[in-house]
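Biologist: I am new to this protein. Could you take me through the structure, one question at a time?

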Amino acid sequence: MYSAGETGDLTVAAEFPRASGLGWLPDGTLVVSALFEAAIHHVDPQGNTTATFDLGDVAWSTNDLVVAPDGRGYVDLYKQTGNALVGELGLVDPAGTVSVVATGLAVPNGLGFLPDGSTLIVSETNGSRLLAFSTEPDGSLGAPTVFADLGTDRHPDGLCIDAEGAVWVGCYDTGEFLRVIAGGTVTHRITVDHGWAVAPALGGADGRTLYLIVDDATHEGLMRGESAGRVLQARVDVPAAPP
């Protein structure tokens with residue numbers, strides 16, 4: 001795992017096989033989920049793993065995650081049924097206890113909160129749409145509504161959310177990063193010349209640098225752990241949503 005600066009510098013923050021999602025607890029502990037295993041790791045500022053939580057009782061694999069300001073997190077949970085993946089969302093507390101809070105999803109992926117802090121946005125990759133869930137005080141989720149239908153040719157992956165409540169999302173197999181508002185209108189589109197448009201992230205000193213994660217991979221190579229990535233940058237008008 002790297003941290004990336006606006007000048008293109010990369011710093012190794014921690015080392016994990018197939019690290020996927022990340023977030024931070026209120027005390028600054030880095031929380032990392034893995035792909036192709038059901039595990040969440042806690043990492044201190046020096047890059048040392050301080051705890052590992054096995055979620056194998058509820059999933060075959062985790063993927064992305066997001067951590068709320070109170071330290072509770074939501075994580076993708078994948079189960080295998082024959083050749084198909086069954087998607088769920090798990091609520092994870094800082095002690096690593098997990099409970100399933102959403103089921104029947106067509107491969108949930110990127111996760112993020114709208115600026116109101118009470119609405120969780122989820123990429124449903126095989127559903128070609130973004131879903132919105134209201135969050136309750138106990139962490140449970142309301143019934144999903146469709147935030148944006150992206151069309152059957154697009155499969156959303158990672159996402160981030162700006163201060164106006166628009167979602168930047170990578171549509172990996174069409175090679176495009178989209179800024180989408182509620183209802184599905186695409187306000188901005190950035191394309192890459194090759195590779196998968198995997199995940200965007202807003203950052204930089206003013207929150208207006210959009211980092212674009214591109215993966216040069218194939219499905220077969222990914223399953224073997226073979227891929228190479230790059231980080232692109234773009235400047236945008238609307239900054240990141242406040243933490």
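Biologist: In which strand is Asn-109 found?
Modeller: A word first: this is a predicted model. The strand in question spans residues 108-113, and Asn-109 falls inside that run. So by the DSSP runs, numbered from the N terminus, Asn-109 belongs to strand S11.

Biologist: Which residues does UniProt list for "binding site"?
Modeller: The listing comes from an unreviewed entry.

Biologist: Where is His-155, and which residue does its side chain join in a polar contact?
Modeller: His-155 sits in the loop between strand S14 (145-149) and strand S15 (156-161). Beyond its neighbours within four places in sequence, His-155 is in contact with residues including Thr-125, Asn-126, Gly-170 and Tyr-172. At 2.8 Å, the side chain of His-155 makes a polar contact with that of Asp-173.

Biologist: How is the protein divided, and how far apart do the C-alpha centres of the domains lie?
Modeller: Domain 1 covers 1-105 and domain 2 covers 107-242. Their C-alpha centres are separated by 17 Å.

Biologist: What area is buried between domain 1 and domain 2?
Modeller: On the domain 1 side, 26 residues are in contact with 29 residues of domain 2. Carbon and sulfur atoms give 62% of the buried area. The total is about 2000 Å².

Biologist: Which three residues supply more than any other three of the area that domain 1 buries against domain 2?
Modeller: Together they supply 31% of what domain 1 buries there. They are Glu-6, Tyr-74 and Leu-105.

Biologist: How many salt bridges are counted between the domains, and which side chains meet in a salt bridge with an N to O distance of 3.9 Å?
Modeller: The count between domain 1 and domain 2 is one. A salt bridge needs a nitrogen and a carboxyl oxygen within 4 Å, so 3.9 Å qualifies. The side chains are those of Glu-6 and Arg-235.

Biologist: How many residue pairs are in polar contact across the interface?
Modeller: Strands S7, S8, S9 and S10 each supply at least two residues of the domain 1 side. That side has 15 nonpolar, five polar and six charged residues. Across the interface, the residue pairs in polar contact number 11.

Key. Residues numbered from 1 in each chain as written. Predicted model: local features only at pLDDT ≥ 70, side-chain atom pairs only at ≥ 80, totals over all residues. Heavy atoms only, no water. Domains from an automatic or database assignment. Contact = heavy atoms within 4.5 Å. Buried area = accessible area lost by both parts, 1.4 Å probe. Polar contact = N/O pair within 3.5 Å; in protein donor to acceptor, adjacent residues only side chain to side chain. Helix = DSSP H or I, 4+ residues; strand = E, 2+ residues; numbered from the N terminus. Nonpolar A, V, L, I, M, F, W, Y, C, P; charged D, E, K, R; others polar. UniProt positions renumbered as here; feature names shortened; annotations may be inferred.
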